[in-house]
Structures are given as C-alpha cells and as structure tokens.
Amino acid sequence: MVTRVGAQTAIYCLSDGARLPAWAEQSDQARRKALKRDEKLGRRVELLQGLEFEGGASRRIKFSEDGRMLVVTGEYPPACKVFELSQLGQKYERRLGCAAVDVWPLSPDLGKMVFLLSDRTLDFHAPYGTHYKVRVPSAGRRLLYDGAKCTLHVASGQRPVAHRLDLDSGTFLSDLEVGSPSSCCDLGRGVPLTAFGCEDGVVRFFDARTSSTQPVALLDVGNDVTALAFDKDGLNVACGTADAEVKLYDLRSKRPTLTKAHQNLLPIVDLKWHSSSRETASSLILSSDSRVLKAWDSRTGSVFTNVEPSSPLNHVAVAPSSDERDSGLILMAGEQSRVMAYYVPALGRAPRWCAFLDSLTEELEEKGQSHFEDYRFVSRTELEELGG
C-alpha cells in the first residue's frame with residue numbers, strides 16, 4: 001500500500017504496506033487465495049520482489065554505475081542480494097563468510113564486486129561466486145575504488161593510514177598517511193583528489209595523480225568526520241560530523257560556506273548531493289542521521305523536505321534517473337527486515353524501471369488519500385471497553 005507521509009511536500013512510503021504471508025508464496029493458487037481474503041494485499045505495491053532480509057537488517061545499498069542493477073548487503077545470516085531493475089526482481093543471492101562492512105561494484109552488471117568484511121577480509125566476487133580473498137592489515141570502515149588507476153582504497157578504523165591495493169598487479173601499495181583512523185572517504189569527480197575524513201576532525205586530501213603518501217591539503221572541520229561527499233563538479237565538499245552538523249566547503253577556502261545542524265544531535269551517517277529538482281534550481285543536499293533524512297538547499301540552508309524512516313537507517317541510496325540525473329526514489333538500508341523505500345516526486349521523476357510511480361502518485365493525489373486510511377479511529381467509550 002502506497003501512503004503519503006509528507007505534509008507540505010508529497011512523500012510516498014513504498015515499503016510499509018501489507019505483505020504476502022509465507023504460505024501464499026508457495027504456489028499461484030495460494031497467492032490468489034490470499035489476495036481474495038485480504039483486499040489490502042491486492043492494493044500493495046512491491047517495488048522489487050525480495051527486497052528484504054527476513055532474519056535481521058540491511059547494511060549497505062548501492063546502484064550500479066549505469067543504474068540498471070542494485071546490490072544490498074544485510075544479515076542474518078550475512079548475505080548480499082543483487083537485483084536486475086528492469087525485471088523488478090532479484091537476480092541472485094549470495095551468502096558471505098561474515099558481516100559486510102562495505103561493498104563496491106567493479107563492473108556495470110555487478111558481476112564483479114568486492115566486499116569489505118568485518119574479519120579484515122576483502123572478498124572479491126566474479127559472476128560464478130567468490131574469486132579471491134585477501135586480508136588487509138587492519139580493520140577497515142569504507143571502500144573507495146579509483147578506476148583510473150585501478151586502485152582500491154580501504155579506510156582503516158584502527159590505524160592512521162589508508163590501505164591501497166593495486167588490482168592490476170594484485171599487490172598492496174604503500175599506505176596513505178591520513179594521520180588518524182578514518183570513517184569515510186570520497187573521490188573527486190572533477191578534480192584528481194582523494195579525501196579521507198578522520199576521527200581527529202580533519203579531512204586530508206591526496207593527489208590521485210602522484211604516488212606520494214602524504215596529503216597535499218588539510219581541512220580542519222572541528223569534530224570527528226563521519227560522512228564526506230564531493231559535489232559532481234568536485235569544487236565543493238560536504239562534511240558530516242559526529243556532533244550532528246554538516247559543513248559545506250569550497251576547496252579554495254578553509255572556512256565553511258554554510259553550516260547545517262540536525263536537531264536530533266546524532267552523528268551524520270550519510271551525505272548525498274542531489275542534482276535534479278523540479279522546484280529549486282540549485283543543488284540540494286541529502287544529509288541523514290539514524291532518525292531522519294533532510295533535503296536542503298546548498299546555498300541557503302533552507303529545508304526542502306524531511307523524510308523520517310520507520311526504523312534507524314544505516315545507509316541511503318538515490319536511484320539514478322534515465323537522463324543521468326538523480327530521481328526522487330530514495331532507498332534506505334536500516335534496522336528492519338525490509339529495505340525502506342520512499343518516493344518524493346518534487347525531487348525528480350521516477351526511474352524508467354519504475355515509471356509507474358508517477359502515474360500512481362498522481363492518482364493518489366487526485367483521490368486525496370490519507371496516511372490514516374488503513375487505521376480505525378475509536379471513541380473514548382470503545383477505548384475503555386478495550387481496556388485502554
């Protein structure tokens with residue numbers, strides 16, 4: 001069931017509706033029987049079949065570079081699921097040796113991927129399954145792949161370094177000296193810079209064109225940097241901190257151009273630059289802590305909309321649109337079995353593989369559907385009879 005949860009800006013929740021019981025998935029006859037019993041099941045919208053981890057939570061979620069594939073990691077047991085979006089269903093599922101800390105696609109069809117596991121292992125997968133495993137010197141927190149140099153970076157959470165693995169020669173390179181354990185990293189799109197956000201509150205930049213292990217520039221953010229993202233031009237960088245602030249910087253200045261605070265006082269867990277919006281010409285920033293995702297203007301800091309997930313979130317992915325812009329479809333990995341999905345039409349049109357969302361939400365707007373449609377309001381007398 002698609003429900004509108006936004007007040008001023010329309011936000012549609014696609015993941016909290018009714019689901020088919022386990023017995024109904026055994027055969028087509030059982031499915032038809034279940035749909036006949038409960039009309040809510042017939043009105044449900046299942047964005048992607050199998051987009052859940054029944055035994056636990058989802059951890060990381062990423063789209064392929066061309067936007068045609070999706071990979072989600074979760075537990076329990078530790079596993080990854082790959083979805084072919086044009087088919088609206090799961091392509092395959094693989095079990096992992098232990099929990100996946102991060103994942104990075106190495107090919108557009110997700111046939112080749114690398115997983116950073118919690119036991120300090122890099123697990124390389126090919127279309128037939130696990131291809132190779134190698135241990136890294138210290139436990140990592142994030143992966144970053146530089147395709148131009150065929151180098152995989154591992155941000156260490158224990159040592160003041162970033163490990164590097166040359167995937168062309170299959171050898172480890174000299175570690176980058178980042179000065180403090182790092183929580184996040186990103187690669188500049190328009191500039192040859194690799195950035196690492198560290199626990200000492202400093203972002204360190206490295207020149208990707210050289211083999212130097214020393215940073216070329218430092219940016220003092222002031223607190224533990226927990227999230228980091230370059231814009232699409234590479235001239236601006238957004239830094240999220242452990243004290244619930246997002247600071248925007250122009251690479252030509254050490255002073256923040258804008259500071260945005262989250263009221264929940266929780267560490268920032270993810271940052272995204274959003275390149276497409278119907279109602280604002282400037283770029284938006286999607287910043288999230290474990291309780292809320294905020295979309296706000298990168299020039300003025302004014303809030304565009306807030307999305308409050310139904311459970312604590314771990315990671316956010318915005319589905320790319322067919323015109324190489326960002327869409328209004330937001331997927332969230334979080335502490336529940338289902339991957340949370342929200343559609344915000346004002347942020348952009350739906351991707352081609354789920355274009356039906358545009359017509360569906362327009363129809364719901366005409367009907368004026370309420371978020372409380374599936375609820376029953378009771379009087380005080382009825383509540384007393386129920387013992388409330």
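Which side chain of opposite charge is nearest to Lys247, and how far away is it? I kept in mind that this is a predicted model. The nearest one belongs to Glu245, at 4.1 Å. I noted that Lys247 has no salt bridge, because the cut-off for one is 4 Å.

I found Lys247 in strand β21, which covers residues 245-250. Its side chain reaches the backbone oxygen of Val221 at 2.8 Å. Leaving out residues up to four places away in sequence, I listed Val221, Val237, Ala238, Cys239, Pro256, Leu258 and Thr259 as what Lys247 touches.

Then I turned to the nonpolar cores. I counted 27 residues in the largest, where Leu47, Leu70, Leu329 and Leu331 touch the most other members. Elements giving two or more residues to this core include β3 (57-63), β4 (69-75) and α3 (356-367). Strand β28 gives the largest share, 3 residues.

Among the residues it touches beyond four places in sequence are Leu14, Leu88, Leu329, Leu331, Trp353 and Phe356. I also logged a second, separate core of 18 residues, including Leu286, Phe304, Val316 and Leu347.

Last, the whole chain. I found 4 helices and 29 strands. Of the 388 residues, 53% count as buried. The protein exposes about 18,700 Å², and carbon and sulfur atoms supply 46% of that area.

Terms used:
Residues are numbered from 1 along each chain as its sequence is written. This is a predicted model: local features need pLDDT of at least 70, side-chain atom pairs count only at pLDDT 80 or more; totals for chains, interfaces and linings use all residues. Side-chain values use heavy atoms; hydrogens and water are left out. A nonpolar core is a set of buried Ala, Val, Leu, Ile, Met, Phe, Trp, Tyr and Cys residues joined through side-chain atoms within 4.5 Å. Buried means under 20% relative accessible area, exposed over 50%, partly exposed in between (1.4 Å probe, protein chains only). Contact means heavy atoms within 4.5 Å. Lys and Arg count as positive and Asp and Glu as negative; His and the chain ends are not counted. A polar contact is a pair of N or O atoms within 3.5 Å; within protein, one must be able to donate a hydrogen and the other to accept it, and residues adjacent in sequence count only if both atoms are side-chain atoms. Accessible areas come from the Shrake-Rupley method with a 1.4 Å probe; for residues, only the protein chains shown count as cover.
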